[in-house]
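Please keep the sequence and the model in view while reading.

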Amino acid sequence: MSDGDKNPASTPTPVIDVQGDGRWMSLHHRFIADSKDKEPEVVFIGDSLVQLLHQFEIWRELFSPLHALNFGIGGDATQHVLWRLQNGELQHIRPKIVVLWVGTNNHGHTAEQVAAGIESIVRVINQQQPQARVVVLGLLPRGKNPNPLREKNRRVNELLESKVPLLPNSSFLNVDPGFVHSDGTISHHDMYDYLHLTRNGYARVCPGLHRLLLCLLGECHAQTP
């Protein structure tokens, strides 16, 4: 897993502009521009699960008070986030915490490659933001019924759980509250397309993360887990 230069999930890569509208690169540049006059305590970086969180009221209730920025782009895989970070998204800010949630879009990569890609991102954050705590969120199950992608994501989480705590200032958090029912299915009430979270799904995922962020910021007081 240390052979990152041969791992496509650990190779910084911009998204190919298939649609021709330059949207991905425009979002990347917007994140850099938006951060120039901000002093965030928390920065969220990742894929659509990060991006869509910004659209729900739970973002305003739990994370906006923490002076949080959202650098999520739908469809991103680990190699795309790596490229974004190596091209300036964190250069103007000094957050206390960086929350990373990415990996479920790494189609064609093995669980070991995905975990190594996430590990590479954490190392880049460590280098660029040595003062920041890094919180790596576990990948969620996906698909209405049991399927190979669920198993891959579960394996990625196993690898991350053992490796992330060994990295500087880093912790792993499994945010799955139990989306898979006893019969092996996932409800559309939690994931409307069996991948992206509904308002109810975010309401189940976010409180535990919020408690952890408060504790890392030194504000946990006597809150119960």
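In this predicted model, glycine 46 stands opposite tryptophan 101 in β3. The residues are numbered from 1 along each chain as its sequence is written, and side-chain values use heavy atoms, with hydrogens and water left out. Because the model is predicted, local features need pLDDT of at least 70 and side-chain atom pairs count only at pLDDT 80 or more, whereas totals for chains, interfaces and linings use all residues.

Helices (H or I, at least four residues) and strands (E, at least two) are DSSP runs, numbered from the N terminus, and two strands pair if DSSP finds at least two bridges between them. With 5 bridges, strand β1 (residues 42-46) is joined to β3 in parallel, and on the other pairing, also parallel, β3 and strand β4 (residues 133-137) share 4 bridges. The table lists residues of β3 with their partners.

| Residue in β3 | Partner |
|---|---|
| Valine 99 | Phenylalanine 44 |

Why is strand β3 largely enclosed by the rest of the structure? The reason is that 5 of the 5 residues of β3 (residues 97-101) are buried, where buried means under 20% relative accessible area, exposed over 50% and partly exposed in between, with a 1.4 Å probe and protein chains only. In a regular strand the side chains alternate between the two faces of the sheet. Here both faces are covered, with Ile97, Val99 and Trp101 buried on one side and Val98 and Leu100 buried on the other.

Turning to the helices, β3, helix α5 (residues 111-128) and β4 form a right-handed β-α-β unit, meaning that, with the strands pointing away from the viewer, the path from the first strand over the helix to the second runs clockwise. Helix α4 (residues 78-86) packs against α5 at an angle of about 15 degrees, with their axes 9 Å apart. α4 is therefore roughly parallel to α5, a term for angles under 35 degrees, the axes being lines fitted to C-alpha atoms over the stretch in contact and the angles running from 0 to 180 degrees between N-to-C directions. Where the two helices meet (contact means heavy atoms within 4.5 Å), the residues include Val81 and Leu85 in α4 and Ile118 and Ile121 in α5.

Definitions and conventions
Parallel < 35°, antiparallel > 145°, perpendicular 65-115°, else oblique.
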